[in-house]
Amino acid sequence: MKVILPASFGEPQPGQFVMIRISGLYEPLLARPISIYSFSRGGDSCAIELLYSVVGKGTQILAGLISGSQVEIHGPLGHGFAIDEAGKNVIFIAGGMGIAPLSLLTEHLCRDKCFAQSAMTFYLGAKTAKAVVGLDKLQKLCYNINVCTDDGTLGKKGLVTQVFQKDIKKYLPENTAVYACGPKEMLQSLAKILSGSKFPSQVSLEERMACGIGACLGCAVAIRNDKGALAYQRVCADGPVFNLGEIIWE
Amino acid sequence: MDTMKTKTSVNMAVNLGKLKLKNPVMTASGTFGYGEEYADYVDLNRLGAIVVKGLSLKPRLGNPPPRIMETAGGMLNAIGLQNIGVDAFIAEKLPFLQKFDVKVIANIYGETYGEYIKVAKKLSIAKGVHALEINISCPNVKKGGVSFGSDPKTAAEVTRQVKDETGLPVIVKLTPNVTDIAAIAQAVEKAGADAISLINTLAGMSVDLKKRKPHLKNITGGLSGPAIKPIALRMVWQVLQRVSVPVIGIGGIMTTEDALEFLILGAKAIQIGTANFINPHATIDILEGMQNYLQCNKIKDINQIIGTFQP
């Protein structure tokens with residue numbers, strides 16, 4: 001969905017999100033956190049695009065909106081991806097809607113950071129061909145796209161993490177950065193694949209949120225802190241981007 | 001903001017005993033962080049009071065996630081009183097709040113009487129804390145919290161012990177998860193409470209049908225949001241029948257009208273909780289709405305409407 005916003009809306013960093021809500025409704029009560037997929041500015045307004053799949057009440061209502069409907073948008077929120085210097089190889093691993101922040105990141109690296117397109121490799125996974133979104137736009141930004149689906153209806157058959165794992169020897173940790181976003185299970189298996197390796201890896205997490213600004217402490221993620229102890233951080237305000245290695249998975 | 005100030009000719013100040021507030025709009029503990037989280041959205045100077053996230057003697061990790069779940073007209077939370085501890089609050093968070101002309105109320109929590117007292121003592125000598133709110137009502141922790149608040153004897157005892165150790169006004173925040181909330185209110189009033197705030201969240205749970213598991217890792221959580229307002233109104237009403245100390249109404253306040261309903265019943269002030277999550281500017285919107293209501297109805301003083309309920 002595309003949302004037109006006033007010009008005062010700040011330019012988002014890739015990885016940031018917005019809280020979106022239909023005004024005046026108590027049902028659903030809470031705004032939904034959704035990652036920013038694209039941003040453009042023109043004249044006295046700007047626009048963002050959001051990708052979502054219908055998973056519950058909130059997204060169902062969003063899907064039912066007609067063009068011209070009013071929504072409440074709060075953002076951009078959270079911290080985006082930290083970007084290493086140009087000259088490095090970059091690997092993107094996206095599962096499902098996880099393409100949204102990574103597509104914005106790809107765009108940012110190409111246009112604003114002068115990364116060579118040849119240095120970027122994208123692994124894009126989805127359940128089926130129908131669930132693959134954003135591929136057209138991505139193809140204009142990146143040559144090396146490995147598409148895979150769980151049922152083999154598009155690209156290779158298999159999980160995106162397995163496809164990446166087969167290629168992992170092609171990359172050197174010292175000059176490669178990994179950026180990933182997708183379902184928890186995908187990120188967890190990526191953490192296993194990368195554990196013990198030295199690839200600098202950042203992931204964008206998803207969690208249920210109430211406020212989106214760090215107050216409610218609802219979106220906790222378990223992190224290993226500097227002292228090696230478990231601590232809970234807020235996906236909204238301390239993230240949503242975290243170093244993969246510091247996340248404690250159950 | 002300035003236009004509002006010049007426009008306002010009505011008196012919004014209310015007194016909670018010794019504690020004087022510039023207006024009746026307070027933030028509910030746990031929904032407004034330590035204040036700084038909202039400083040970009042709200043001019044903190046304009047609030048009646050900021051009640052900060054519950055503070056314990058030592059930092060608390062809080063409960064494992066998932067911690068929240070949306071429900072019909074509300075939400076469940078089981079944060080588990082994650083907080084940085086009273087010492088870090090005094091060293092790191094209080095100096096920021098002192099920059100504002102706003103009453104700061106520290107919500108305190110302990111697992112034992114001794115812990116409540118130690119936290120209270122530390123906050124009483126720290127500069128910039130104007131009152132304490134004793135949390136004997138958190139439903140999401142194994143020890144302390146609601147276990148003190150569900151028995152009139154222990155509720156009175158913790159109130160008495162904290163009162164003995166502090167010169168600050170003491171507010172006691174009650175849980176609705178009891179048979180007779182007014183009996184608890186009477187007990188803490190007798191033990192010296194300067195004011196009573198209610199209600200904390202209602203214990204509830206939510207089931208994930210697909211996984212046949214609870215939505216919250218803690219299994220149960222505390223229900224808040226507009227769904228609980230009728231219960232909060234009923235309990236505030238019941239408590240007002242039985243105590244004479246000031247009562248602060250909390251529970252599902254989303255709009256100006258909601259807030260005014262509690263004042264009409266007789267609450268001297270109100271706390272905004274879950275509404276802050278949905279609209280970070282909710283406190284100010286409600287405050288301005290109250291001022292408009294008074295002006296439109298040609299009422300010069302907010303106190304003129306407090307307790308005007310006609311059953």
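Trainee: Which residues in H7(B) meet which residues in H8(B)?

Mentor: This is a predicted model. In it, B:Lys229, B:Leu233, B:Val236, B:Trp237 and B:Leu240 are the residues of H7(B) that meet H8(B). From H8(B), the partners are B:Asp258, B:Glu261, B:Phe262 and B:Leu265.

Trainee: Why are H7(B) and H8(B) called roughly parallel?

Mentor: Helix H7 (residues 229-242) of chain B and helix H8 (residues 256-265) of chain B pack at an angle of about 15 degrees. Angles under 35 degrees count as roughly parallel, and H7(B) and H8(B) are therefore given that description. Their axes are 10 Å apart, and H7(B) passes H8(B) in a right-handed crossing.

Trainee: What makes H5(B) roughly parallel to H6(B)?

Mentor: Helix H5 (residues 152-165) of chain B packs against helix H6 (residues 181-190) of chain B at an angle of about 30 degrees, and the axes are 8 Å apart. With the cut-off at 35 degrees, that angle makes H5(B) roughly parallel to H6(B). The crossing of H5(B) past H6(B) is right-handed.

Trainee: Which residues meet between H5(B) and H6(B)?

Mentor: B:Pro152, B:Ala155, B:Ala156 and B:Thr159 lie on the H5(B) side. On the H6(B) side they meet B:Ala183, B:Ile184, B:Ala187, B:Val188 and B:Lys190.

Trainee: Which residues of H6(B) are buried, and what do they pack against?

Mentor: The buried ones are B:Ile181, B:Ile184, B:Ala185, B:Ala187, B:Val188 and B:Glu189. To be called buried, a residue needs 20 or more other C-beta atoms within 10 Å of its own. The buried residues of H6(B) pack against helix H4 (146-149), H5, strand S9 (170-173), strand S10 (195-198) and H7 of chain B. Just after H6(B), B:Gly192 has a positive phi of about 110 degrees.

Trainee: Why is A:Glu207 called partly exposed?

Mentor: A:Glu207 has 19 C-beta neighbours inside 10 Å. A:Glu207 sits in the loop between strand S11 (201-204) and strand S12 (220-224) of chain A. Leaving out residues up to four places away in sequence, A:Glu207 touches A:Cys219, A:Val221, A:Val235 and B:Pro65.

Trainee: B:Pro65 is in that list. Which residue does a cis peptide bond join to B:Pro65?

Mentor: B:Pro66, with omega about 0 degrees. B:Pro66 lies in the loop between strand S4 (49-51) and strand S5 (68-71) of chain B. A cis peptide bond also joins A:Gly75 and A:Pro76, where omega is about -5 degrees. A:Pro76 lies in strand S5 (residues 72-77) of chain A.

Trainee: What are the domains of chain A, and how many residues are in contact between them?

Mentor: The domain assignment gives domain 1 (2-77) and domain 2 (89-206). Their C-alpha centres lie 24 Å apart, and 9 residues of domain 1 are in contact with 12 residues of domain 2.

Trainee: Which residues have the most contacts inside the largest nonpolar core?

Mentor: B:Ile50, B:Leu132, B:Ile196 and B:Ile270, in a core of 170 residues. Helix H2 (residues 99-111) of chain A gives the largest share of this core, 6 residues. At least three residues come from each of domain 1 and domain 2 of chain A.

Trainee: What does B:Ile50 touch?

Mentor: Not counting residues up to four places away in sequence, B:Ile50 touches B:Thr27, B:Phe32, B:Gly35, B:Leu44, B:Leu97, B:Val102, B:Val104 and B:Ile105.

Note on methods: Residues are numbered from 1 along each chain as its sequence is written. Chains are lettered from A and ligands numbered from 1 in the order in which they are written. This is a predicted model: local features need pLDDT of at least 70, side-chain atom pairs count only at pLDDT 80 or more; totals for chains, interfaces and linings use all residues. A nonpolar core is a set of buried Ala, Val, Leu, Ile, Met, Phe, Trp, Tyr and Cys residues joined through C-beta atoms within 7 Å. A residue is buried if 20 or more other C-beta atoms lie within 10 Å of its own, exposed if 12 or fewer, and partly exposed in between; C-beta atoms are placed from the backbone. Helices (H or I, at least four residues) and strands (E, at least two) are DSSP runs, numbered from the N terminus. Domain bounds come from an automatic or database domain assignment. Two residues are in contact if their C-beta atoms, placed from the backbone, lie within 7 Å. Axes are lines fitted to C-alpha atoms, for helices over the stretch in contact, and angles run from 0 to 180 degrees between N-to-C directions. Angles under 35 degrees count as roughly parallel, over 145 as roughly antiparallel, 65 to 115 as roughly perpendicular and the rest as oblique. A crossing is left-handed if the near helix is turned anticlockwise from the far one by less than a right angle, and right-handed if clockwise.
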